[in-house]
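Please keep the viewer open while you read.

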Amino acid sequence: MRPRTILVIEDDASVRVLLAQILEDAGYQTYEAANGREGLEQFRAKPMDLVITDLEMPEMNGLEFVIECRKLDIGKYVPIIMVTTEGGMAKVEEALAQGADRYIVKPFTGVDIENNMNMV
């Protein structure tokens with residue numbers, strides 16, 4: 001059985017590395033991207049079991065990534081977790097309406113991430 005694959009899209013390198021490490025320690029295979037455009041390229045290139053994305057990023061933000069991902073046949077059913085500092089209800093509702101499955105507000109802990117891994 002292959003390990004579950006997770007794409008982590010985050011422009012802050014330290015947060016991206018932390019998320020990837022938490023997931024790798026839990027037994028997942030992770031791929032990383034610094035923005036939504038890079039993430040979309042990786043998503044198109046290989047199947048992913050889950051995507052964790054930041055909201056605010058340069059080039060293509062997380063919401064734009066979600067919208068583009070959901071247009072793809074391979075992206076219609078892959079769970080997407082949005083992890084961001086934006087905690088306002090309008091942002092949460094917009095992300096969920098566009099196709100994000102979960103929304104975690106930073107700062108987060110490893111437990112916050114692990115509690116959402118039942119989607120994989």
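## Helices α3 and α4

The axes of α3 and α4 come within 9 Å of each other and cross at roughly 15 degrees; axes here are lines fitted to C-alpha atoms, for helices over the stretch in contact, with angles running from 0 to 180 degrees between N-to-C directions. That crossing angle makes α3 roughly parallel to α4, a label for angles under 35 degrees. Helices are DSSP runs (H or I, at least four residues) and strands likewise (E, at least two), numbered from the N terminus.

Which residues of α3 and α4 make the contact? From α3 come Leu63, Val66, Ile67 and Arg70, and from α4 come Glu94, Ala95 and Gln98, where contact means heavy atoms within 4.5 Å.

## How to read the values

This is a predicted model, in which local features need pLDDT of at least 70 and side-chain atom pairs count only at pLDDT 80 or more, while totals for chains, interfaces and linings use all residues. Residues are numbered from 1 along each chain as its sequence is written, and side-chain values use heavy atoms, with hydrogens and water left out.

## Two nonpolar cores

The largest nonpolar core has 22 residues, and Leu7, Ile9, Phe43, Val51, Phe65 and Met82 have the most contacts inside it. A nonpolar core is a set of buried Ala, Val, Leu, Ile, Met, Phe, Trp, Tyr and Cys residues joined through side-chain atoms within 4.5 Å; buried means under 20% relative accessible area, exposed over 50%, and partly exposed in between (1.4 Å probe, protein chains only).

At least two residues of this core come from each of β1 (5–9), α2 (36–45), α3 (62–71), β4 (80–84) and α4 (89–98). Helix α3 gives the largest share, 4 residues. Apart from this core lies another, of 11 residues, including Val8, Leu19, Tyr28 and Leu50.

## The aromatic pair

Searching the whole structure turns up 1 aromatic pair. The ring centres of Phe43 and Phe65 are 6.3 Å apart and their planes stand at 90 degrees, so the pair is edge-to-face (centres within 6.5 Å; planes under 30 degrees apart are stacked, over 60 edge-to-face, the rest tilted). The pair links distant parts of the chain, with Phe43 in α2 and Phe65 in α3, 22 residues apart.

Both Phe43 and Phe65 are buried. Beyond its neighbours within four places in sequence, Phe65 touches Ile9, Gly36, Gly39, Leu40, Val51, Met60 and Ile80.

## Glutamate 59

Glu59 sits in the loop between β3 (50–53) and α3. Although Glu59 is not a glycine, it has a positive phi of about 70 degrees. Its relative accessibility is 59%, so Glu59 counts as exposed.

Terms used:
Rings of Phe, Tyr and Trp (its six-membered ring) pair if their centres lie within 6.5 Å; planes under 30 degrees apart count as stacked, over 60 as edge-to-face and the rest as tilted. Angles under 35 degrees count as roughly parallel, over 145 as roughly antiparallel, 65 to 115 as roughly perpendicular and the rest as oblique.
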